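I opened this entry to record what I looked up in the structure. The notes follow the order in which I worked.

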Amino acid sequence: MEELKTLGQNYILTVALASWFAAQLIKVILNCITQKEVVWERLVGAGGMPSSHSALVCSMTVGMARKTGLGSPEFALAFLIAAVVMYDAMGVRRAAGEHAKVLNQIVSFFNKDSQVIQSGKPSKREKDAEDPASSDKQLKEFLGHTPLEVLAGALLGILIAMTVPIF
């Protein structure tokens, strides 16, 4: 129990998690406004506006600067981690999401145009059990972020870290 109390007294951890949660909550609200339905998966899902990864690492970096100073090795480490995470969110993870979108379209096209002859062939359920790639399950497309989503997350993280008093 004492360990949990100690974690709750960690300023850096508190602002980082608060920023992550705020970004995820904003995703649910924005999705609700645009799609006219509440999708709770957005509370924990990747991708979307604003970037919760950017919010978390930027609040951690600003919190570290406030707590230890700009010249500290801890700030330098937090800054470099933030740069890598945000670059990755806009680059590799975004590209993977775009690839998933195209692959889902290809699979959908072939599923619509193919005629399965049941004579002597295993059922679809049996085939899916043997080959997971043949199932109708789509690849996750919300993985990365646009530069605007990363910027919004970064600004949210900075704002939260600057408004929460240091303790």
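**Overall fold.** I counted 7 helices and 0 strands in the chain, taking helices (H or I, at least four residues) and strands (E, at least two) as DSSP runs numbered from the N terminus. Along the sequence the pattern reads α-α-α-α-α-α-α.

**Basis.** I note that this is a predicted model, in which local features need pLDDT of at least 70 and side-chain atom pairs count only at pLDDT 80 or more, whereas totals for chains, interfaces and linings use all residues. Residues are numbered from 1 along each chain as its sequence is written, and side-chain values use heavy atoms, with hydrogens and water left out.

**Chain totals.** I found that 30% of the 167 residues count as buried; buried means under 20% relative accessible area, exposed over 50%, and partly exposed in between (1.4 Å probe, protein chains only). The chain exposes about 10900 Å², of which carbon and sulfur atoms supply 69%; these areas come from the Shrake-Rupley method with a 1.4 Å probe. For contacts (heavy atoms within 4.5 Å), I looked at those with a separation of 6 or more: residues 24 or more positions apart account for 73% of them.

**Helix α2.** I checked the span of α2 (residues 11–35): its 25 residues reach 36 Å from first C-alpha to last, close to the 36 Å expected at 1.5 Å a residue. The expected span is 1.5 Å times one less than the number of residues. Its buried residues include Tyr11, Ile12, Val15, Ala16 and Ser19, and their cover includes α3 and α7.

**Packing of α3 on α7.** I then turned to α3 (residues 52–68) and α7 (residues 147–163), which pack at an angle of about 35 degrees with their axes 7 Å apart. Axes are lines fitted to C-alpha atoms over the stretch in contact, and angles run from 0 to 180 degrees between N-to-C directions. The contact involves, among others, Ser54, Cys58 and Val62 of α3 and Val150, Gly153 and Ala154 of α7. I recorded its residues as 9 nonpolar, 6 polar and 1 charged.

**Ser54.** Is Ser54 buried or exposed? Ser54 counts as buried because its relative accessibility is 0%. This residue of α3 touches Met86, Val150, Gly153 and Ala154, not counting residues up to four places away in sequence.

**Asn10.** I placed Asn10 in the loop between α1 (2–8) and α2. Asn10 is partly exposed, with a relative accessible area of 33%. Its C-alpha atom is separated by 9.5 Å from that of Ile166, 156 residues apart along the chain.

How values were computed:
Nonpolar A, V, L, I, M, F, W, Y, C, P; charged D, E, K, R; others polar.
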